Amino acid sequence: MRERRITAVLGPTNTGKTHLAIERMLGHASGIIGFPLRLLARENFDRVVRIKGAGQVALITGEEKIVPPRARYFLCTVESMPLGREAEFLAVDEIQLAADPDRGHVFTDRLLHARGTEETMFLGAETIRPLIRRLVPEAEIVSRPRLSTLGYAGAKKITRLPPRSAVVAFSAAEVYATAELMRRQRGGTAVVLGALSPRTRNAQVGLFEAGEVDYLVATDAIGMGLNLGLDHVCFAKLGKFDGTQSRRLTPQEVAQIAGRAGRHMADGTFGTTAELGGMDAELVAAVEEHEFDPLTALVWRNGDLDFSSPKALLKSLERRPSRPELIRVREAEDQQVLAALAREGGPAALADDPERVRLLWEVCQIPDFRKSLTDAHVRLLGQVYRHLLAGERRLPADFVAGHIDKLDRDEGDIDALVARIAHVRTWTFVTHRADWLDDAGHWQERTRRIEDKLSDALHERLTQRFVDKRTATLVKRLGSGDKLLGGVKANGEVVVEGEHVGKLDGFRFRVDAEADKQDVRPLLAAARRALTEEIPLRIRRIETDDDGSFRLTPDGALLWREAPLARLAPGDGALTPQVEVARSEFLDGPARERLRQRLVAWLGRHLRNRLAPLFALEEAPLTGAARGLAFQLAEDLGCLARSACAAQLAALSKAERKTLGELGVRIGAQSIFLPALLKPRPREVAALLAGLRAGGRALPLTEGNPMAWTPPAELGEAALRALGYRLFENAAGRIALRADAVERLAFAALKRGRKGPFAADGELIKLAGGEADTLAVVLPLLGYWVVEAEEGRSFHSRPPKGGKRSTKPKRATAAGEGEATAKPPRQTERAAGKHKPGKPPAKTGPRPPARKTPLADSPFAALAVLKKSGR
């Protein structure tokens, strides 16, 4: 066959499409095949070398170039296909990736423009069929059926997966966590991630293919053409983060991954973990029958670029396609780098002619294999560009050596090695720009050796972590009587001999929740032995650590560096709660007491800081009635009903009143309180202490520091006073009003009541917390009648006349246990919170003629009480 021919070979996984393409290529004198992954390009390169010999086969990827002088067959990544080279045969694998939002524009370009001189072949899924018909109408479309069947096996526990199974997750963290579980439950697993180098990936797959492990944990990297002897694919997740957002997998994506099970003529199965639950019937049917919604558009980027200036280049990259089947690519990595370098004052300012702009664009295409696109990568590319301009398009050897030398280290954990391999891949890409280096071959060999070294170290780390049997190792060391090496990480994870055995929360050890029942005992024994030295060290750290490392939670837990150590319990007084250290098998009596004393010392300083006025009052050298009043305030956490302490008030001398005022005590007409404790932070501590006194948890608080709010039914008068509020409750409603607001509202009402009946005005409503209806609850309990008339609601200090509908004021219950009491007529600005400490209160205006015998239910009735008390 020598006519120029374009064929699209479409079908599900395991249809032999790649095998067909290689056969067709080898039937021609020359050929190029583009694969979606470097791993696939390398795998098929090795395959063709075995058939044709190393001298005739080339490998070209971003980081690897093996090009013999007489090479005829080129195996490449799609991005690296040498389109300037003429070849009889050309093929692109996984052509449906033309719809991928990140790389799709490269596949679309190959679909529209890449051609062999005699034969062109596109391999992919059936979903792209309608778009190929429209975009490449001359193409012959051939469908190929799957060679084996793929069936749904339902959800299974990981511990019950059959041998030769792969568990698929969608992030390195999920892969590692699943691999850890597989190792503990099934003895070991191989690991495959897209970030692995071909050398590491091949070594890990070798463990699986050789039968050293029966399980594989991987990302969706296995979904693209990796031929593994899998019988079952199990999904640990059905969603992933695609670089922009977290989303569910499409049915086509599920099928692409599930299709790795059952190769050639062997049937395969797919399913999910029991933790994830089963797949829905519609998804199962789509995967089993290979029926998916067709693609509606392919991703495109303008290839006719304007290199007259960086801005012109950016503008040409943003050009929109002319065909409805194509959509413009979202801003790709190279375009983002170009935009960053083109900012004012950036290196792009040096691109003052088309050749320099073209060079700038080539530099922007140096990939960041770490996928971080951080400022560090942008700065690196800026340095590369400046050096190329300054050195006649050559990079200085010391510049290249300085960066590569830093990567020639194989210590560190798995994540560190993966990051280092990704970084060296960037430099491998640079070294394969032979026109940028004086001795490109030397640097290519250097980066290859470093990548191999790091890859071997990574394979070793992966094998040690995910293949060794933890329990067997620990049991062996326990039996030997040797000292176990153990420690506690910053997050509390307990590691013994490099193995995770559980978590230490404070001093309470929790064995690994994923451990089998039969493994719990050896894990506990290993932890006990390994932590014998860690526990005393931890106690010493707690004793010497600064106060900032401790915290008291709203529910009464005492934390050290967020680790729970103890809880508060009711003590002898409101300000002296007890500290109860959490039980722990690692703490004996003396150790618990040392810990308790440290926590008691911190708690005392913490409470004194938050409730300083209350402690100052409690410790002041007061005597007699003043001493009693101070004691009551301390026990009630800073707020008393005036009616509950009438005897003490009557017994106070003027000097004692002055001393109390200097200590921050305000003696109001309704309440005795400390205004400094009405702020949010003291109230949080008071809520906790009051809750402990009541034998429960912290009292509920409202957000902010409102003057009025509707408290829950379980909060009574005593509880609300501990929070700095007074309770008002009658048929009109239930309101908690802050103690200082009560004084100001009562004083404002008193001034208006002296002049006769009054209605709610803006000032009264504001003092009541912004709600007019609050006045109908509060004022009757302060001794006012509420009169409802056609002209509106009004308030009266004396019983209304004329048969008007009114609500008689209710008096407070004995000892201040109910609502607030009536306001005395001579309340001054001092009682309302507007006096200066140490100065006598100002009079509030002309005093109305006094009655010899005030009405019993009048607000003026309290005047006699004040006169008797010497006020």
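Colleague: Is phenylalanine 399 buried or exposed?

Modeller: This is a predicted model, and in it phenylalanine 399 counts as buried, because its relative accessibility is 11% and buried means under 20%.

Colleague: Which ring pairs with phenylalanine 399, and how are the two planes set?

Modeller: Rings are read by the distance between centres and the angle between planes, and over 60 degrees counts as edge-to-face. The partner here is tryptophan 427: the centres lie 5.9 Å apart and the planes are at 65°, so this pair is edge-to-face. Phenylalanine 399 belongs to helix H13 and tryptophan 427 to helix H14, so the pair ties together parts 28 residues apart in sequence. Tryptophan 427 is buried too, with a relative accessible area of 1%.

Colleague: What about a charge over a ring?

Modeller: Look at arginine 164, which lies over the face of phenylalanine 208, 3.8 Å from the ring centre.

Colleague: And which residues have the most contacts inside the largest nonpolar core?

Modeller: In soluble globular proteins, nonpolar side chains tend to be buried together. Here the largest core has 73 residues, and Leu637 and Ile672 have the most contacts inside it. Helix H24 gives the most to this core, with seven residues.

Conventions: Residues are numbered from 1 along each chain as its sequence is written. This is a predicted model: local features need pLDDT of at least 70, side-chain atom pairs count only at pLDDT 80 or more; totals for chains, interfaces and linings use all residues. Side-chain values use heavy atoms; hydrogens and water are left out. A nonpolar core is a set of buried Ala, Val, Leu, Ile, Met, Phe, Trp, Tyr and Cys residues joined through side-chain atoms within 4.5 Å. Buried means under 20% relative accessible area, exposed over 50%, partly exposed in between (1.4 Å probe, protein chains only). Helices (H or I, at least four residues) and strands (E, at least two) are DSSP runs, numbered from the N terminus. Rings of Phe, Tyr and Trp (its six-membered ring) pair if their centres lie within 6.5 Å; planes under 30 degrees apart count as stacked, over 60 as edge-to-face and the rest as tilted. A charge sits over a ring if NZ of Lys or CZ of Arg is within 6 Å of the ring centre and within 35 degrees of the ring normal.
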